[in-house]
Amino acid sequence: MQTMAVIKKDMEFNQGLSSLIEVLKNIAVSQYRSLEHRFGGFDKFMSAVESYFEFIDFKAVRHPFLAPTNKTQVVVVVTSDGGLLGGLNMQVVSRALAELASNPGQLVVIGERGKMYARESGVPFVAYPGINDDDRLNQAFQLRDYLFRNALRGKFGLLKVVYPHPVSFTVQRVETVTFFPFLPEFLAAKPQGPEKLAILQNVIFESKISDIVEYLVYLWMGQRLYDIFGLSRLSEFAARYVHLEDSLRRLKEMDAKLKLQYFRVRHEIIDQSMRELFSARQLFNA
């Protein structure tokens, strides 16, 4: 059984660690709120880009972005550089590897944690630095240019991005977004009926429709990646807070057990001292 001095030292260590965890929790909350406040600055631009797609009859357009003949797949996985995420990075990488298991191709990894897990799995990959909040737009455009260029060259036809999505501050979900073939959510939600197709036939385009689609997809990809990078960072801060909160809870449970153990040892010492005093008094009276 541990001595009182050892138990008390462990209790003091736990108290200091609890204070440190509280500070880290507050930092995570502050980072989340700060990024959340700055999020969505290009909503009007994205709405304008998406509105142009409504004037295009996709059934009449032939482009590898819309109907790729090359079935080679690229999966982009977005992870963090830091830890304390409760296994969220591992979940994201596992989802990406599962996508490649069903359709082999190339893995593109964002973040140091993803690189570490990818090396352990033995899967070859192309690496990019972790997301920097101050340089997030440039990072999104660099990745967009790399993917766009290789897709035009015919190196792949299918493209998916796997990232952690913040459902709420306490819940994160791993999501997979399909970039190619190009059919994003806003188009799927607005099917082109007969009336819409009749209107589209009267639209006059000065450039080739395929070139217009290509440029609009280029703009859309950059903004979508920028948003995904931001959502991933929000998930990172939220997951870190949840992980720290769970660690603090377990630390408090451990501290409660230490306190019980401390008082038990203390009472045993007092009882033993009382018994020794009583025995000594009995001997003295005899």
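This report describes the sheet, the helices packed around it, the nonpolar cores and the salt bridges of a predicted model.

Residues are numbered from 1 along each chain as its sequence is written, and side-chain values use heavy atoms, with hydrogens and water left out. Because the model is predicted, local features need pLDDT of at least 70 and side-chain atom pairs count only at pLDDT 80 or more, while totals for chains, interfaces and linings use all residues.

**The sheet**

Helices (H or I, at least four residues) and strands (E, at least two) are DSSP runs, numbered from the N terminus. Two strands are taken as paired if DSSP finds at least two bridges between them. Five strands form an open sheet in the order 3-2-1-4-5, with mixed pairing. Strand 3 (125–128) and strand 5 stand at the edges with a single partner strand each, so one side of each is left without a neighbour in the sheet. On average, neighbouring strands of this sheet are turned by 20° against each other, direction ignored. Axes here are lines fitted to C-alpha atoms, for helices over the stretch in contact, and angles run from 0 to 180 degrees between N-to-C directions.

Strand 4 covers residues 158–166, and eight of its nine residues are buried, so the strand is largely enclosed by the rest of the structure. Buried means under 20% relative accessible area, exposed over 50%, and partly exposed in between (1.4 Å probe, protein chains only). Strand 4 runs parallel to strand 1 (residues 73–78), and five bridges join the two. With strand 5 (residues 172–180), strand 4 pairs in the antiparallel sense over eight bridges, and a hairpin of five residues joins strand 4 to strand 5. Lys160 of strand 4 is the bridge partner of Val75, and the bridge partner of Lys160 in strand 5 is Thr178. Pro164 has Val174 as its bridge partner in strand 5.

Helix 3 (residues 88–102) packs on the sheet and touches strand 1, strand 2 (105–110), strand 4 and strand 5. The direction of helix 3 makes about 175° with that of strand 1. Contact means heavy atoms within 4.5 Å.

**Helix 2**

Helix 2 (residues 43–53) has Met46, Val49 and Phe53 as its buried residues. Seen down the helix axis, these buried residues fall within an arc of 65°, so they line one face of helix 2. The arc is that of the directions from the helix axis to the C-beta atoms. Lys44 and Tyr52 are exposed and lie on the face of helix 2 turned away from its buried side.

**Nonpolar cores**

A nonpolar core is a set of buried Ala, Val, Leu, Ile, Met, Phe, Trp, Tyr and Cys residues joined through side-chain atoms within 4.5 Å. The largest has 45 residues, and those with the most contacts inside it are Val76, Leu143, Leu147, Leu159, Phe179, Phe180 and Met221. Elements that give two or more residues to this core are helix 1, helix 2, strand 1, strand 2, helix 5 (136–152), strand 4, strand 5 and helix 8. Helix 8 provides the largest share, 13 residues. Apart from this core lies another, of 15 residues, among them Val75, Val77, Val92 and Val162.

Not counting residues up to four places away in sequence, Leu143 touches Val76, Val108, Ile110, Tyr128, Leu225 and Phe229.

**Salt bridges**

A salt bridge is a side-chain nitrogen of Lys or Arg within 4 Å of a carboxyl oxygen of Asp or Glu. The whole structure holds 14 salt bridges.

| Salt bridge | Closest N and O atoms |
|---|---|
| Lys25 and Glu22 | 3.7 Å |
| Glu236 and Arg233 | 3.0 Å |
| Arg250 and Asp246 | 3.4 Å |

Lys25 and Glu22 are three residues apart in helix 1 (residues 4–38), which separates them by about one helical turn. Lys25 is buried, with a relative accessible area of 7%, whereas Glu22 is partly exposed at 31%.

Glu236 and Arg233 both belong to helix 8 (residues 209–285) and are three residues apart, about one turn of the helix. Glu236 counts as buried at 8% relative accessibility, and Arg233 counts as buried at 13%. A network of salt bridges links Asp133, Arg233, Glu236 and Arg240.

Arg250 and Asp246, four residues apart, also lie in helix 8, again about one turn of the helix. Arg250 is partly exposed at 42% relative accessibility, and Asp246 is partly exposed, with a relative accessible area of 28%.
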